[in-house]
Protein chains: 2
Amino acid sequence: MSGDTLCTLGSQSVKLRREVYINASASIVGKKEGEGPLGLLFDMVGEDDMFGCETWEEAESSLQKDAVYMALGKAGKKPEDMRYIFAGDLLGQSIATSFGIMNYGIPLLGVYGACSTCGEALTLGAMAVSGGFAENVVCVTSSHFASAEKEFRFPLGYGSQRPLSATWTVTGSGAFVLGREKEEAALARVTGMTVGKIVDFGLKDSLNMGACMAPAAASTIAAHFIDYNSQPEDYDKIVTGDLGSVGQRILLDLLRDKGYDISDRHMDCGLEIFDADSQDTHAGGSGCGCSAVTLSAYILKQLAQKNWKKVLFVPTGALLSKTSFNEGQTVPGIAHAVVLEEVLA
Amino acid sequence: MSGDTLCTLGSQSVKLRREVYINASASIVGKKEGEGPLGLLFDMVGEDDMFGCETWEEAESSLQKDAVYMALGKAGKKPEDMRYIFAGDLLGQSIATSFGIMNYGIPLLGVYGACSTCGEALTLGAMAVSGGFAENVVCVTSSHFASAEKEFRFPLGYGSQRPLSATWTVTGSGAFVLGREKEEAALARVTGMTVGKIVDFGLKDSLNMGACMAPAAASTIAAHFIDYNSQPEDYDKIVTGDLGSVGQRILLDLLRDKGYDISDRHMDCGLEIFDADSQDTHAGGSGCGCSAVTLSAYILKQLAQKNWKKVLFVPTGALLSKTSFNEGQTVPGIAHAVVLEEVLA
């Protein structure tokens with residue numbers, strides 16, 4: 001009978017007894033992301049960042065709607081085939097999600113983990129499927145450069161200058177159809193996860209989020225190695241979400257202090273999605289959409305094509321709001337790790 | 001082997017094969033809530049609504065911290081016994097949660113469903129335990145009158161008048177320790193759940209949230225009856241979160257139209273927590289904390305004392321933000337139902 005045995009590992013990890021398939025995924029991005037190094041890999045690139053909408057928030061909602069539509073289409077599924085949707089974004093009260101996915105009529109479990117939300121959605125979606133609570137679910141997250149700047153920092157119209165440690169919020173959304181059964185075009189398997197703790201090093205600079213999130217990424221990755229009794233060499237790639245160039249250096253240093261050298265296999269979605277030299281994005285890309293679209297457009301394809309066999313996917317989030325920042329609070333971080341493996345024949 | 005069979009029902013429900021125990025719970029509320037009809041039932045009542053903090057947001061964080069502390073204490077558990085914490089609140093980027101529960105070091109899965117978040121946290125927490133992904137988890141949600149007014153409507157200093165359809169956000173937090181094994185003081189069992197869809201009747205009045213949420217409550221409750229092939233008479237109480245007096249009337253009408261009369265067993269936490277005549281709270285209480293503290297202080301005690309055998313607990317949420325409201329969007333609703341049953345000897 002189900003649930004009679006635990007599938008927990010160590011202090012914060014799970015190794016799924018029944019693995020879950022990512023049967024399809026889709027990505028949609030803005031113009032700037034389309035001009036970046038991964039540009040040709042995305043399923044859809046907007047001509048401008050309004051996507052035919054009246055406001056940035058509506059534009060972000062349309063990204064989630066389109067990503068889910070494309071992912072369902074690739075999976076050959078209808079909305080009513082999805083028992084639950086696990087969805088989130090960066091905006092206050094997750095309005096990009098509410099207004100984006102409402103019309104599908106799929107029961108919604110809203111998640112929030114800042115830019116780590118893609119990892120959280122996949123974690124909970126995989127638990128729901130693996131545990132027998134759903135046959136198929138869809139996971140989706142999004143971010144939008146303009147709605148995020150307005151939400152967290154300054155209205156774009158101010159023309160504020162940004163320090164070199166700042167990241168550029170990715171305009172984009174990635175959606176993933178998870179299922180109990182392997183479909184023909186299955187891209188990868190979710191085989192386990194390590195849920196992150198909040199880690200606060202006391203940093204307060206919302207324009208250096210890489211530094212705020214790196215300690216959380218190091219904490220989760222080290223906990224994963226310990227819980228799984230594994231080593232960096234067990235993974236072809238260890239992929240963080242949006243640490244950028246500043247956060248990456250800190251992560252590698254922190255993990256070296258803990259005895260792990262991941263420098264030869266670390267990849268950061270924020271460093272892949274933009275060309276730092278030509279695109280003026282400073283430390284790299286960020287946002288709930290950054291890791292989601294990079295996972296869909298690039299990482300899952302590497303797994304599907306068997307170029308990589310096993311990836312530790314670790315989206316990273318900075319837990320702040322305008323209010324907490326203005327009240328002088330720190331910017332703690334969180335990161336959730338998901339183990340992705342190639343589909344076996 | 002676990003997960004080999006689905007435990008899904010109908011289109012959006014789950015009937016847990018392995019039931020989950022609510023082994024302990026705790027509630028903390030503000031001064032006004034302490035003066036209400038349930039005042040003597042809460043575990044802790046603040047002398048004022050700052051709870052010794054500098055800001056309302058910090059005060060709300062302290063509510064979550066204290067509720068978790070008390071619930072763990074009653075359960076005889078330590079933070080490290082909890083594999084995950086499912087937590088959320090109403091503030092942008094869930095900062096009451098981040099800064100409230102950070103120091104426990106429990107791996108965090110942040111959830112957002114507006115005032116329905118308590119139902120969502122219990123749903124996901126029960127799935128995690130039932131599915132074998134955790135032995136024990138803790139679920140916590142909070143709201144605070146002053147932080148919510150600032151977040152959604154007007155700064156309190158404006159002294160804005162409120163229409164009679166408005167609800168009063170409850171200052172409070174409720175925490176619940178869920179476990180695979182029945183502890184001696186176990187309060188109730190979680191046996192199933194119905195995850196809600198977003199329902200939008202096109203209403204735009206953020207000062208009449210009962211009307212905005214009632215259609216979602218009706219949708220989830222009706223879906224629950226259909227999925228479970230059950231009737232209102234199968235439950236001793238059907239408890240919504242914070243519809244208030246306006247929303248309650250709409251809910252009862254909508255369900256009558258669908259062929260269900262729940263009027264003799266419907267209870268709304270928002271109507272229980274304040275005395276409408278003497279406390280000037282207009283349509284009733286609301287917020288993520290309203291259903292959570294009422295569940296902990298009142299509903300679970302009725303189940304523990306065997307006064308009620310089976311309750312359908314349906315927290316209700318209004319999916320809006322300041323931004324979506326100012327941009328002229330509607331206020332859709334969502335509601336998640338959790339089946340709570342008495343503990344069997």
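How many bridges join strand β13 of chain B to β16(B), and in which sense do the two strands run? Four bridges join β13 (residues 310-314) to β16(B), and the strands run antiparallel. Strands, here and below, are DSSP runs of E of at least two residues, while helices are runs of H or I of at least four residues, both numbered from the N terminus. Two strands are taken as paired if DSSP finds at least two bridges between them.

The model is predicted, and local features need pLDDT of at least 70, side-chain atom pairs count only at pLDDT 80 or more, and totals for chains, interfaces and linings use all residues. Residues are numbered from 1 along each chain as its sequence is written, and chains are lettered from A and ligands numbered from 1 in the order in which they are written.

Strand β16 of chain B spans residues 337-341 and is mostly covered, with four of its five residues buried. A residue is termed buried if 20 or more other C-beta atoms lie within 10 Å of its own, exposed if 12 or fewer do, and partly exposed in between, with C-beta atoms placed from the backbone. Strand β16(B) also pairs with β9 (residues 188-194) of chain B, in the antiparallel sense and over five bridges. In that pairing Arg189(B) stands opposite Glu341(B).

In chain A, β9 (residues 188-194) is mostly covered, six of its seven residues being buried. Six bridges join β9(A) to β2(A), and these two strands run antiparallel. Ile22(A) stands opposite Ala188(A) of β9(A). Strand β9(A) is also joined by five bridges to β16 (residues 337-341) of chain A, again in an antiparallel arrangement. Here Arg189(A) stands opposite Glu341(A) of β16(A).

Leu16(B) is part of strand β2 (residues 13-29) of chain B. Leu16(B) counts as buried because it has 23 C-beta neighbours inside 10 Å. Leaving aside residues up to four places away in sequence, Leu16(B) touches Cys7(B), Ala126(B), Ser130(B), Val190(B), Thr191(B) and Gly192(B); contact requires that the C-beta atoms of two residues, placed from the backbone, lie within 7 Å. The C-alpha atoms of Leu16(B) and Val339(B) are 10.0 Å apart in space, with 323 residues of separation in sequence.

Helices α6 (residues 209-228) and α7 (residues 244-257) of chain A pack at an angle of about 35 degrees, with their axes 8 Å apart. Axes are lines fitted to C-alpha atoms, for helices over the stretch in contact, and angles run from 0 to 180 degrees between N-to-C directions. The crossing of α6(A) and α7(A) is right-handed, a label used if the near helix is turned clockwise from the far one by less than a right angle, left-handed being the anticlockwise case. Residues making the contact include Ala214(A), Ala218(A) and Ile221(A) of α6(A) and Gly247(A), Ile250(A) and Leu254(A) of α7(A). By class, the contact of α6(A) with α7(A) has 13 nonpolar, three polar and no charged residues. Ala, Val, Leu, Ile, Met, Phe, Trp, Tyr, Cys and Pro count as nonpolar, Asp, Glu, Lys and Arg as charged, and the others, Gly among them, as polar.

Between the two chains, 60 residues of chain A are in contact with 60 residues of chain B. On the side of chain A that touches chain B, at least two residues each come from β2 (13-29), β4 (84-88), α3 (95-101), β5 (108-110), α4 (117-130) and α11 (322-326). The largest share, five residues, comes from α4(A). This side of chain A has 27 nonpolar, 22 polar and eleven charged residues.

Chain A is superposed on chain B by a rotation of 180 degrees with 0.0 Å of shift along its axis (RMSD 0.0 Å). That is the relation of a two-fold axis; the superposition is by least squares on the C-alpha atoms of residues with pLDDT of at least 70 in both copies. Since 100% of the interface residues of chain A are also interface residues in chain B, the copies meet through the same surface.

Ile95(A), found in helix α3 of chain A, is buried, with 26 other C-beta atoms within 10 Å. Not counting residues up to four places away in sequence, Ile95(A) touches Glu57(A), Ser321(B), Thr323(B) and Ser324(B).
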